[in-house]
Amino acid sequence: MVESSLGLRGVFRDFPQGVGIVTATGGDGPVGVTVSSITSASLDPPLVVVWIGQGASAWPVLRTAPLFALHLLHAGQTALSDLFARSGADRFGQATRWEPDDDGVPHLLDAPARLRCRTSRRIVVGDHVALVGEPLAIEHKAGASPLVRFQGRYTSVA
């Protein structure tokens, strides 16, 4: 049995994880949050899962948003990742190149991969929620080195 959450965190610091940003829109405008627990969950039907902390500033919107976008970041986007991870930051200000899609979901223009998803379900697990999405559209620019977190730092895959 794990004695503390620090022990669990320590294990996963040594396991590389891709970095992305989830965006959605709500009554007060666009929201977004950096995530590093991302996976494809099913190919038939196609489903992705991102884990969102219930304390994340974007969670109140994601809790009810019918649509969201998952942006997978490239190795040169550490500043963007940090911006969307920082509490109280102006995430959609001048530092961010973005535009709303036809449904108002924020589209980060420089991300090498974007999955526009319909929210399929939300599953509460401890202090996080598995946000399950059905990709409706996928944009992918092949060849970009992904942004990865490993041992508490950003790195890339060569």
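## Reading cores, sheet and helix in a predicted model

Mentor: The largest nonpolar core has 20 residues, and Val22, Val33, Ile52 and Leu62 are those with the most contacts inside it. This is a predicted model, and what follows should be read with that in mind.

Trainee: Which helices and strands each supply at least two residues of this core?

Mentor: Strands S2, S3, S5, S6 (67-72), S9 (113-125) and S10 (128-140) each do, and so does helix H2 (59-62). Apart from this core lies another, of 10 residues, which includes Leu73, Leu80, Leu83 and Leu147.

Trainee: With which residues is Leu62 in contact, once its neighbours within four places in sequence are left aside?

Mentor: Leu62 is then in contact with Val22, Ala24, Val33, Ile52, Phe68, Arg122 and Leu131. Of these, Val22, Val33 and Ile52 are named, together with Leu62, as the residues with the most contacts inside the core.

Trainee: Turning to the sheet, in what order do its 7 strands stand?

Mentor: The order is S3-S2-S6-S9-S10-S5-S4, in an open sheet whose pairing is antiparallel. Strands S3 (29-35) and S4 (38-43) have a single partner strand each and stand at the edges, so one side of each is left without a neighbour in the sheet. From one strand to the next, the twist averages 35°.

Trainee: Is Ser40 buried or exposed?

Mentor: To read this, one looks at the relative accessible area, for which exposed means over 50%. Ser40, whose place is in strand S4, has a value of 53% and is therefore exposed. Leaving aside neighbours within four places in sequence, Ser40 is in contact with Leu47 and Val48. From Ser40 to Val22 the separation is 18 residues in sequence and 15 Å in space, C-alpha to C-alpha.

Trainee: And is Arg114 buried or exposed?

Mentor: The cut-off for buried is under 20% relative accessible area, and Arg114, at 5%, is buried. Its place is in strand S9, and a polar contact of 3.1 Å joins its side chain to that of Asp101. Beyond its neighbours within four places in sequence, the residues in contact with Arg114 include Ala69, Leu70, His71, Val105, Pro106 and Ile138.

Trainee: Where does helix H3 lie?

Mentor: Helix H3 (residues 78-85) lies across strands S2 (20-26) and S3, and runs at about 115° to S3.

Trainee: Which residues of H3 are buried, and why are they on the same side of the helix?

Mentor: Here one reads burial together with direction around the helix axis. Leu80, Ser81, Leu83 and Phe84 are the buried residues of H3; they cover an arc of only 160° around the axis, and therefore lie on the same side of H3. The face turned away from this buried side carries Ala79 and Ala85, which are exposed. What covers the buried residues of H3 includes S2, S3, S8 (106-108), S11 and S12.

Trainee: In what sense do S11 and S12 pair?

Mentor: Strand S11 (residues 147-150) and strand S12 (residues 153-156) pair in the antiparallel sense over 4 bridges, with Leu147 opposite Ser156 in S12. Their hairpin has 2 residues between the strands, and in this hairpin Gln151 takes a positive phi near 55°.

Technical notes: Residues numbered from 1 in each chain as written. Predicted model: local features only at pLDDT ≥ 70, side-chain atom pairs only at ≥ 80, totals over all residues. Heavy atoms only, no water. Pairing = 2+ DSSP bridges. Axes fitted to C-alpha atoms, helices over the stretch in contact; angles between N-to-C directions. Contact = heavy atoms within 4.5 Å. Buried < 20%, exposed > 50% of the residue type's maximum accessible area, 1.4 Å probe, protein only. Arc of directions from axis to C-beta. Core = buried A, V, L, I, M, F, W, Y, C linked by side-chain atoms within 4.5 Å. Polar contact = N/O pair within 3.5 Å; in protein donor to acceptor, adjacent residues only side chain to side chain.
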